[in-house]
Amino acid sequence: MKKTDIIQRIAALADVQPESVANVPRITISGGGRVLVEGHRGLLEYGEDRIAAAGPGYRILIKGEKLALVAMDRRELVVSGRLWAVELE
Amino acid sequence: MSRGRFLTGWAQVRLSGAAPEAVLTAMAERGIPFWDATPPEGYAMTVRVPLRAAKRLPDMARRLGCEAEVVRRRGIPALFLAVGRRYALLACLALALVLVNISGLFIWDISVEGCDAVPEGVIRAALAECGVDIGAYWPKFSQDAIRNGVILRVPDLRWMTVSVRGSHALVTVREARKRIEPVDESEYVNVTAKRAGIVDEVHPKRGTQVAEPGDTVLPGDVLIAGYSTGRAGVQGPVRATGPVWARTWYELTAKAPITQAEKRYTGERQSQWALVLGKTRINFYKGSSICPAGCDKITYSYPLAVKGVFTLPLTVERTVYAAYETAGAPVPDLEQALRDRLMDGLKKAIGADGQVVSSRYTRSEKDGALAVTLHAECREQIGRDVPLTAEDLLAIQSKIPKTEEYSQ
């Protein structure tokens, strides 16, 4: 079992939000046109219809139309555009 | 683009390679902010970064198997980079800044506001005599000295001030109110009719009523005589006062030609250019600027100034001569214009307290002219003060009963 999974389980038992104790991503969708991804691990793919960011062991895939990377730093990235779906692969 | 980014400068960078997104990730990890990242097209994308970070990108991209190329630089630091070692250009820029700053200490434009009865030219001439003129050094201005000097030269002004903003002097003036001349109570006058009419009401406040309601009076007829009467008869001369209302009739006619000469531009235009440096004018044309017959002269001025910020003593003037032909054309709404003019004249004649009881218009055309006549019945005050003559005074004196006769 990975260290992150253990921390997440402990956090779940303690009724604590996992992202506050482990470095797990938190995805916030505002309306239908803006996504904030906190705790990402890099940009994997960038296109007008799909943007992919790396998470711990999976990909955070944002699908939509006229997507644009508004801002990005080492912990967070903001995507705007017309959203269709946010998937974890 | 925010002002902050313009001040610090930014660069547009083209990222190309197998995975330009990796460069974005690397930039994020190294704390390099970026914005306006366009999605990749054909393994290339563009992104904007702060100018200071643009230098680091080529190395960073190379390590990730990509290429980074700065395609555009903008902002103030970029401007300085562009100027580089062009010292002459920098010197010219510095000189221009110094000149703008120095010229801001002199007056290059004067405007006057608040004058109505006093001509602006008179005020400008007085200002020039007091030192407020084109090219004057405004830090030496003394508000009190200018105010006193101008008011002394133009007594019709009550107050004035000069405010300077960016080589522009705004002169604000207040005109003195006209004094109402006091009535000379020691003067003996009759109230006489100023025009013919039928007397409607007489309210003598002083003097002896002569005209009665219903009387027909002619101009000059005495309405209230300038003497007082008592039980013993005439007591002596006075200043007769009191309103006298009468019905009056007017017949006013106004004439105007039915057609008028109308300008039609032929399309032929000619321009002359000139440069005005302070008070010196440099013409870029030969001959005079007198407008030939059949031409309109229109002058456009383009001062080198930013309103409210600075004004330089440099104005480019363009004078356009537009040729025209004249042709007869009917005057629009002529009859209504004549009617309005007649009614205005009537109201002026009967005064502010007069009333137009009834009115009608007649029109006639003769020899290409339209004549409109206004027939009106009015009610107005027809009294006018007329000083008593020496004969009048003698006649009044003769009517005063002697004291002895009265005592007997």
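This note sets out numbered points on the predicted two-chain model above.

1. Conventions. Residues are numbered from 1 along each chain as its sequence is written, while chains are lettered from A and ligands numbered from 1 in the order in which they are written. Because the model is predicted, local features need pLDDT of at least 70 and side-chain atom pairs count only at pLDDT 80 or more, whereas totals for chains, interfaces and linings use all residues.

2. Chain A in outline. The secondary structure of chain A comprises two helices and six strands; helices (H or I, at least four residues) and strands (E, at least two) are DSSP runs, numbered from the N terminus. Their order from the N terminus is α-α-β-β-β-β-β-β. Of its 89 residues, 20% count as buried, where buried denotes 20 or more other C-beta atoms within 10 Å of the residue's own, exposed 12 or fewer, and partly exposed a count in between, with C-beta atoms placed from the backbone. Among the contacts in chain A with a separation of 6 or more, 31% come from residues 24 or more positions apart; a contact requires that the C-beta atoms of two residues, placed from the backbone, lie within 7 Å.

3. The interface. Eleven residues of chain B are in contact with 13 residues of chain A. The side of chain B that touches chain A has seven nonpolar, two polar and two charged residues. In this classification, Ala, Val, Leu, Ile, Met, Phe, Trp, Tyr, Cys and Pro are nonpolar, Asp, Glu, Lys and Arg are charged, and the others, Gly among them, are polar.

4. The three-stranded sheet of chain B. An open sheet with antiparallel pairing has the strand order β2-β1-β3 (chain B); strands pair if DSSP finds at least two bridges between them. β2 (44-50) and β3 of chain B are the edge strands, and each has a single partner strand, so one side of each is left without a neighbour in the sheet. The twist averages 25° from one strand to the next. Seven antiparallel bridges link β1 (residues 10-17) of chain B to β2(B), and B:Q12 has B:R48 in β2(B) as its bridge partner. Helix α2 (residues 20-29) of chain B lies across β1, β2 and β3 of chain B, at about 135° to β1(B); axes are lines fitted to C-alpha atoms, for helices over the stretch in contact, and angles run from 0 to 180 degrees between N-to-C directions.

5. B:C66. This residue belongs to strand β3 (residues 66-74) of chain B. B:C66 counts as buried because it has 23 C-beta neighbours inside 10 Å. Leaving aside residues up to four places away in sequence, B:C66 touches B:L15, B:S16, B:G17, B:P20, B:V23 and B:A61. B:C66 and B:V23 are 43 residues apart in sequence, yet their C-alpha atoms are 7.7 Å apart.

6. Nonpolar cores. The largest nonpolar core has 35 residues, and B:L24 and B:V49 have the most contacts inside it. A core here is a set of buried Ala, Val, Leu, Ile, Met, Phe, Trp, Tyr and Cys residues joined through C-beta atoms within 7 Å. A second, separate core of 21 residues includes B:V189, B:V202, B:A240 and B:V244.

7. The five-stranded sheet of chain B. A further open sheet, also with antiparallel pairing, has the order β10-β8-β14-β20-β19 (chain B). Its edges are β10 (216-217) and β19 of chain B, each with a single partner strand, so one side of each lacks a neighbour in the sheet. Helix α9 (residues 334-350) of chain B packs on the sheet and touches β14 (244-257), β19 and β20 of chain B, its direction making about 25° with that of β20(B). Two bridges join β8 (residues 197-202) of chain B to β10(B), and B:G197 stands opposite B:V217 in β10(B).

8. Helix α7 of chain B. The buried residues of α7 (residues 120-129) of chain B are B:I123, B:A126 and B:L127. They lie on the same side of α7(B) because they cover an arc of only 100° around the axis, the arc being that of the directions from the helix axis to the C-beta atoms. Their cover includes β4 (109-113), α8 (143-153) and β6 (168-175) of chain B.

9. Backbone angles to inspect. Most residues other than glycine have a negative phi. A:K66, in strand β5 (residues 59-72) of chain A, has a positive phi of about 50°; A:K66 is exposed because it has 11 C-beta neighbours inside 10 Å. B:D367 has a positive phi of about 55° and is placed in the loop between β19 (355-366) and β20 (369-381) of chain B. B:D367 is likewise exposed, with 8 other C-beta atoms within 10 Å.
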